[in-house]
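Subject: Structure for your review

Dear colleague,

Please find below the structure that I am handing over to you.

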Amino acid sequence: MSGTPTLVVGVGASAGGLQAFKELLSALPADGGTAFLLVQHLDPNHESLLSELLVPHTTMPVRDAEQGEPLQPNTVHVIRPGSALAVRDGRIELSEPTLHRGVRLPLDHLFRSLAREYGARSVGVILSGAGSDGSSGLRDIKGAGGAVFVQKPEDAEFDGMPRAAINTGLVDHVAPADQLPETVRNLIQATLEVDRKDEEDFAVEHATSFEQILRLLHDRNGFDFTEYKSGTIGRRIRRRMGISGIVEVDEYINHLNESGQERDLLIKDLMIGVTRFFRDKKAWDSVSETVIRPAIAAMSDGDSFRAWVAGCSTGEEA
């Protein structure tokens, strides 16, 4: 099958990941037009049999990632040892892995590229593993409007990566590895439905229902989203509906009435903080050249330079 994938799903694991990969692939839909990229922490000095070991567990083609290869729907692309896997312009991008404080974080690297390239069509899945790889990159996926699913820590052989992801407070769904595909399937259907209906048309058609949802969030949780753009509201609501396996807006309103957890998840989606700074590159290049560099150049020994950032998201901008 050729064409643009419905969704692009990055799946990551380290220790204990092989069994989790098998359980996940065995239940994933093979005909949803979705491309899957698998990242595992591999020994860079040894050949990997990961692709061969996964072939019996899915009807989709499973192949080692090749530099420049177009991303294929209904296909599983697997990281090669000693490489960093990403996507750019719809193609596989392999590069030398970089170290962050002496540690390779290949899943963060993949997630950031998915967010950049596919936005709301990007999905991150974090399975068994030690450490915290993926918990930084998932913020990019969420900031771009994508979704993040995590293996239930009690179901994982090693729970470090799942727990680190959950601790961000940004995860959409937590379940055993063999139950996560049902949520992926729901999201595929919701994405196809979005493609069939224009975003603005959907917002106009359900304007009254959206108002009802916003009143509900205000009255029950104390959050006021009335000044948010209707397109943003509609996009986030439809995504949460898809993850929940709900088709009709009225049914979703009932779900929100009954589930405080779902209200919290929708609120988090609407309030998602984008932590990447310098997003407006031209403006910040100008600030750097006309303000920051001259100020630093004029400093004497012992002088200090301080910066304040108003309205920062998580404090790292300054």
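In what follows, a contact means heavy atoms within 4.5 Å. Please also note that the model is predicted.

Helix α8 covers residues 207–221, and helix α9 covers residues 230–244. Their axes come within 11 Å and cross at roughly 80°. Angles of 65 to 115 degrees count as roughly perpendicular, and α8 is therefore roughly perpendicular to α9.

Helix α8 also packs against helix α11 (residues 260–270), at an angle of about 110° and with the axes 11 Å apart. These two helices are therefore roughly perpendicular to each other as well. On the α8 side, the contact is made by I213, L216, L217, R220 and N221; on the α11 side, R263, D264, L266, I267 and L270 take part. This contact comprises 6 nonpolar, 1 polar and 3 charged residues.

The structure also holds 1 cavity of 30 Å³ or more. About 50 Å³ of space lies in the largest cavity. It is lined by 10 residues, of which K142, G169, L170, K268 and D269 are the closest to its centre. Helix α11 gives the most to this lining, with 3 residues. By class, the lining has 4 nonpolar, 1 polar and 5 charged residues.

Yours sincerely

Notes. Residues are numbered from 1 along each chain as its sequence is written. This is a predicted model: local features need pLDDT of at least 70, side-chain atom pairs count only at pLDDT 80 or more; totals for chains, interfaces and linings use all residues. Side-chain values use heavy atoms; hydrogens and water are left out. Axes are lines fitted to C-alpha atoms, for helices over the stretch in contact, and angles run from 0 to 180 degrees between N-to-C directions. Helices (H or I, at least four residues) and strands (E, at least two) are DSSP runs, numbered from the N terminus. Angles under 35 degrees count as roughly parallel, over 145 as roughly antiparallel, 65 to 115 as roughly perpendicular and the rest as oblique. Ala, Val, Leu, Ile, Met, Phe, Trp, Tyr, Cys and Pro count as nonpolar, Asp, Glu, Lys and Arg as charged, and the others, Gly among them, as polar. On a 1 Å grid over the protein atoms alone, a cavity is a set of points where a 1.4 Å probe fits but cannot get out, and a pocket is an open set with protein on both sides within 12 Å along at least five of seven lines; lining residues have an atom within 4 Å of a point. Grid points are joined across faces, edges and corners, and a volume is the space filled by probe spheres set on the points.
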